[in-house]
Amino acid sequence: MALARQVLCLSAFLSLPHARAEPIRYSVAEEAESGSLVGKLAEDAGLTPAQLSARRARLVSEDGRQHFRFDRASGRLVVAGRLDREELCGQSATCMLPFELLLASPLQFFRVEVTLDDINDHSPVFPEERVTFRIPEKSDPGSLFPLEAAQDLDIGQNTVQEYNISPENEYFSVSYGSRSNTDKYLELVLEKPLDREEQAEMGFSVIAVDGGSPPRSGTIEISIIILDVNDNTPKFTQDRYIAKVLENMPEGSVVLTVLAADPDAGLNGDITYQLSQTVGQSDSAFVIDPTTGEIKITKPLDFEAGETHELIVRARDGGGLSAICKVLVEVVDVNDNVPELLVSSFSSPLPENTVPGTVVALFAVRDRDSGANGKISCALEDQLFFSLRPAYKNYYELVTVSALDREETPQYVLSVTAADAGSPPLTTTQTFTVDISDVNDNAPVFNQTSYTMYVRENNVPTVFVGAVSAADADVGLNAKVTYSLAPEQGSERPSCSCISVNSENGHVFVLRPLDYEHLRQTEVTVSASDAGSPPLRANVTVHLVVLDENDNAPLVLYPAQDSSPASSELVPVSAEAGFLISKVVAVDADSGQNSWLSYHLLRATDPGLFSVAVQSGEVRLRRPVTERDSVKQKLVVLVRDNGKPPLSATAALSALLLKDFSDARLPHSSPATEDQDGSLTTYLIIALVFVSLLFLISAAVFVARKVCRRKELKAGHVLYGADNLQSGLADAAAAGSLPRAYCYEISLTTGSGNSEFKFLKPILPSLPPQHCARGQGPDEEHDLPCVPVSTEDMAPDNAGTLSAGHFNALSFN
């Protein structure tokens, strides 16, 4: 009876369902306080509190962690401790915590799933607090400047929803969106052109706002530095790189190489790489070579800890422009054995003229596993010039499929991947570095289409004036370039014997002094030849421009400065200030500023009377002419060029100050005698003083004789009366004993080397009786007649001979 009861109980126990088909599902918000109700688990499982205690109900989880607590007395499921969805589930769209409600007697369990609902407990966070952009001022409106998007550990509506700029400005706006479910982008958009001269720098903030209630935000400071140039940003070969890494890959292994190109030259084309991880991930397990872009592992990867790693790589050129790309590293779980690749032969380097179909490498693959895990397939990644082909059983050949060009690609890094058919499949990669050897298939290329070099005239022999440079894309002897002067077409000799080129370095020399006034420019053809067999060559034209030196002094064209007497310029005394007297005309055989002439008054008889126009050489009166000014004026004008040092010449000219142009009879001195004017004037003054003394002595003698005659008349000794004196004079004149009286005009000029006597018509051609005007009566005491002189008698019509003692009129000019 007892045995039958046990069999009956066992049958009843086996007939009970051990587990419920559908799990019991609950949901609870993250960060719920400890003890918060999740659900009435006993009621939902169809159990009473008494059954829970009797059957020793308890919670069991796969990972052994108890996030919830089950109260047997009430049958309620409550939160055991703080629940952080981001810590437990990361960025997963759903966060479900599964466990079982286990009843021990009899054995029964219920599958329970608690969904952890997200709350907005994280603010958006940018990877960097501050980003600086260096933007060329010539950037076109609509230009995009990528930013790393803000990361929010929350999900759904609680993650980042929008971006704003604060404070708003007219130059930039923000653009954001998603290219895929996981690939979000954030870019600054240039709305209008920048002007560095107007504003060299600017700053603002980009604010990321999530959709929580209340919303949370994160900020990144943007600094804009406006540049003048560097108008090309780096560009990655791919917007998104994906790499698969075995979890047992050793430290220092290369994950992949990112590559960005910048068409700018020099510093603006030099690219450096920088790596950063997304927010929320652990310490970076990767490092990037800032020069080559190789991403390497710094510590072992754990597939269970993280299946993927998302990296952000920024490429920045020397001018400050940058671009970013994303790298997705997938960690591949490993089995016991990975495929092996055994290289039997490998040929490197290969000549660049290798024909397609040439075998580069022969290798075998094997896997110590069996079945599907030991079945291997090989593939060559991303290659247009090489391919794999099966050879025999598990052997493969790596062969060329197209022509190679060393100048385009001097080295090929070929990655051959061997993968088994396991689940998941295991792979191994073998890299073949194939160097391409050179063939002389490139001629030298000059770095300029033509050269222009400059040399100053009067140069020293063999002076260095510049260099030509040619590069050959080949290497070794095929790239060794030598230079020579190419002969003219149809001639065996070089075109110019004054130019030489160094065969080794391309330095160009001028062999002899050149004269700008005879040769202003010339050109030669320089040939560059490599040392290949047969050699290849290229030609370039070198233009030699001769620069002017200040080696020619100004030449005065007017007034003529030869030895012939120069004419004097006539200036009326009534001329006002600014009156044009003459113009000095000069030329200079040099060119440029060496031929720019200026005119200066060097010296003059009266420096304050004249002025010379600096640019035109016009000689003008500085002030009106006065009576005190000398009639004869001499000027020396200095003509100077603008060279360094300046050269000069002088122009001498003279001017006559005349009341009217009838005085033009005055003599003009020649340039040969003008330097003696000062001494001649001194001699003339001495002669004038001497003549004046003689005149005074003669006058004194004459007065003495008069006094004596007066005394004789008083004594009664009258020789002539009024009548007989006149008749006596007439008779004397008729007899020829009394010479005719003349008016003599003596012109003595201080500015002339000659004094001139002018003989006028006689004042007393006859002595007829005359009535004297008032004040001209006869001497009452001596009864002497008066001799009237009219202005007509002073006219210079008739000339006579000069007799000493008969100067009726003496004028000094």
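A search of the whole structure turns up 14 salt bridges, a salt bridge being a side-chain nitrogen of Lys or Arg within 4 Å of a carboxyl oxygen of Asp or Glu. The model is predicted: local features need pLDDT of at least 70, side-chain atom pairs count only at pLDDT 80 or more, and totals for chains, interfaces and linings use all residues. Residues are numbered from 1 along each chain as its sequence is written, and side-chain values use heavy atoms, with hydrogens and water left out.

**The chain as a whole**

- The secondary structure consists of 7 helices and 51 strands; helices (H or I, at least four residues) and strands (E, at least two) are DSSP runs, numbered from the N terminus.
- The chain has 813 residues, and 36% of them count as buried. Buried means under 20% relative accessible area, exposed means over 50%, and partly exposed lies in between (1.4 Å probe, protein chains only).
- Among contacts in the chain with a separation of 6 or more, 67% are between residues 24 or more positions apart; contact means heavy atoms within 4.5 Å.
- Carbon and sulfur atoms hold 53% of the accessible surface, which comes to about 45,500 Å². Accessible areas come from the Shrake-Rupley method with a 1.4 Å probe, and for residues only the protein chains shown count as cover.

- Side chains of opposite charge can pair when their charged atoms come close.
- Arginine 366 and glutamate 340 form a salt bridge through their side chains, at 2.9 Å from N to O. Arginine 366 belongs to strand β26 (residues 359–366) and glutamate 340 to strand β24 (residues 340–346), so this pair ties together parts that are 26 residues apart in sequence.
- Arginine 366 is partly exposed, because its relative accessibility is 38%. Glutamate 340 is also partly exposed, with a relative accessible area of 21%.
- The side chains of glutamate 504 and lysine 480 meet in another salt bridge, at 3.8 Å from N to O. The pair links distant parts of the chain, 24 residues apart: glutamate 504 is in the loop between β37 (499–501) and β38 (507–510), and lysine 480 is in the loop between β35 and β36.
- Glutamate 504 counts as exposed at 52% relative accessibility, whereas lysine 480 is partly exposed at 41%.
- In the salt bridge of glutamate 618 with arginine 620, the closest N and O atoms are 2.8 Å apart. Glutamate 618 is partly exposed at 22% relative accessibility, and arginine 620 is partly exposed at 29%.

**Aspartate 472**

- Aspartate 472 sits in the loop between β35 (470–471) and β36 (481–486).
- Aspartate 472 is buried but has no salt bridge, and the nearest side chain of opposite charge, arginine 406, is 6.7 Å away. For charge, Lys and Arg count as positive and Asp and Glu as negative, while His and the chain ends are not counted.
- The side chain of aspartate 472 reaches the backbone nitrogen of aspartate 474 at 2.9 Å.
- Apart from neighbours within four places in sequence, aspartate 472 contacts Asn442, Ala443, Pro444, Asn478, Ala479, Val481 and Asp530.

**Glycine 318**

- Glycine 318 is in the loop between β22 (308–317) and β23 (322–332), and counts as partly exposed at 34% relative accessibility.
- From C-alpha to C-alpha, glycine 318 and asparagine 268 are 4.5 Å apart in space, although 50 residues separate them in sequence.
- With neighbours within four places in sequence left aside, glycine 318 is in contact with Leu267, Asn268 and Asp270.

Notes
Polar contact = N/O pair within 3.5 Å; in protein donor to acceptor, adjacent residues only side chain to side chain.
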